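Please keep the model open while working through the numbered points.

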Amino acid sequence: MEVAERTGERAEGAHHRTPVAELNRLGIEARRLILQSIHAAGAGHVGGPLSCADLLVNLYFDRLRVDPANPGWPERDRCILSKGHSSIALYAVLALRGFLPVAELATFDAADSRLQGHPDMTALPGLDMSTGSLGQGLSPGVGIALGGRLRGLPFRTWVIVGDGEIQEGQIWEAAFTAARLGLDTLCAIVDYNRLPQFGWPDRGGYTRTEPVDDPAGKFRAFGWHAIECDGHDHAAIRAAFDAAEAHPGQPTCIVAHTVKGKGISFAEGDYLWHAKVPTADELERAGAELDALLAAIAVWEEEGGST
Ligand SMILES: Cc1ncc(C[n+]2csc(CCOP(=O)(O)OP(=O)(O)O)c2C)c(N)n1
Ligand SMILES: [Mg+2]
């Protein structure tokens, strides 16, 4: 009965929608929780989680048909964070969405916690895949999307990959297969912050300078529909997700232009913040910056800026 009701909801095309100002606020709250959790754990990644926080907020608060009270609902949309080292961003957004208590974030990375440094789907309901070994999240996305088609279930599958991560060959095996199968319910989102952990492969070892890369062109060459958007602008993300859902016959790749460490001035664009624990002083400075961003959103909203 419950599934049938929800199928009806889906047939009407209903999304969980949230105004842009609220999405912005949620992104800031997620960032606060991310930094607090890493500080409490004494371990974790900062740059990648802050880079994909707005993408995750947009998915869970504006796009995915999911039910926190019924995380195993067979018709739910699937979401795989293939760049699993950014797990704390996913946990923070899942907590804000009601999948787990916000207080549980304080257990992040503890040995007996459901919130491991990399997502463990056997531990936490609401996770659609265990990830962390880079390059391996798009392949299960292909399998899940194909399974949905074969079983006649109308869900969509979304996979977030890192721009460093797509150097892994398995991504391209999955990309080739998805296009060949015409999996138009599958969307890969590239968190295109132009920074991996240490730099890019170069003749002399590594370089901080991004190589000529063009992920959108590469996905197109593999038979995908590919578009680009600003990965921190909720109206732009929403439009890109709409375009992905509307495109028939091919999987879609969204190259989301992001900033590693987004929202914290001293972490933005600095590879040293890939995995660095904020000190108490840095946590306080970050909190003040997030407060200022919240105040700016309130002003923007008063001026009629939300849609
Ligand atoms: C197979 C594999 N190799 C290496 C690592 C270690 N590692 C974790 S994050 C990372 C860099 C990832 O860069 P990117 O995909 O750009 O992620 P982001 O910038 O979003 O943090 C590396 C090399 C890993 N997790 N898995
Ligand atoms: Mg990156």
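1. In which loop does Asp 109 lie? The model is predicted, and in it Asp 109 belongs to the loop between helix H4 (87–97) and helix H5 (138–150). The phi angle of Asp 109 is near 75°, a positive value in a residue that is not glycine. Asp 109 counts as partly exposed because 18 C-beta neighbours lie inside 10 Å, whereas a buried residue would need 20 or more.

2. Gly 137 is also placed in the loop between H4 and H5. Is Gly 137 buried or exposed? Gly 137 is buried, since 29 other C-beta atoms are found within 10 Å. Leaving aside residues up to four places away in sequence, Gly 137 touches Ile 80, Ser 82, Met 129, Thr 131, Val 159 and Val 161. For one of these, Val 159, the distance may be stated: the two C-alpha atoms are separated by 7.1 Å, and the residues are 22 apart along the chain.

3. A second residue with a positive phi deserves attention. Asp 214 has a phi of about 55°, although Asp 214 is not a glycine. The residue lies in the loop between strand S5 (205–207) and helix H7 (215–221). Asp 214 counts as exposed because 12 C-beta neighbours are inside 10 Å, and the exposed class takes in residues with 12 or fewer.

4. The loop between S5 and H7 also holds Pro 211. With 10 other C-beta atoms within 10 Å, Pro 211 is exposed. How far apart in space are Pro 211 and Arg 76? Their C-alpha atoms are 38 Å apart, and 135 residues separate them in sequence.

5. Arg 17 is found in the loop between helix H1 (2–11) and helix H2 (20–41). From Arg 17 to Ala 295 the sequence separation is 278 residues, and the C-alpha to C-alpha distance is 23 Å.

6. How many of the six residues of S7 are buried? Five of them are, and the strand is thus described as mostly covered. Strand S3 (residues 186–192) runs parallel to S7 and is joined to it by six bridges. Strand S6 (residues 225–230) likewise pairs with S7 in the parallel sense, over six bridges.

7. Finally, the chain may be considered as a whole. Its secondary structure comes to nine helices and seven strands. The radius of gyration is 19 Å, close to the 19 Å that the globule rule gives for 307 residues, so the chain is as compact as a globular protein of that length. The C-alpha trace spans about 55 × 55 × 45 Å along its principal axes. Of the 307 residues, 45% count as buried. Among contacts with a separation of 6 or more, 77% are made by residues 24 or more positions apart.

Definitions and conventions: Residues numbered from 1 in each chain as written. Chains lettered and ligands numbered in written order. Predicted model: local features only at pLDDT ≥ 70, side-chain atom pairs only at ≥ 80, totals over all residues. Helix = DSSP H or I, 4+ residues; strand = E, 2+ residues; numbered from the N terminus. Pairing = 2+ DSSP bridges. Rg over C-alpha atoms; globule rule 2.2 N^0.38 Å. Contact = placed C-beta atoms within 7 Å.
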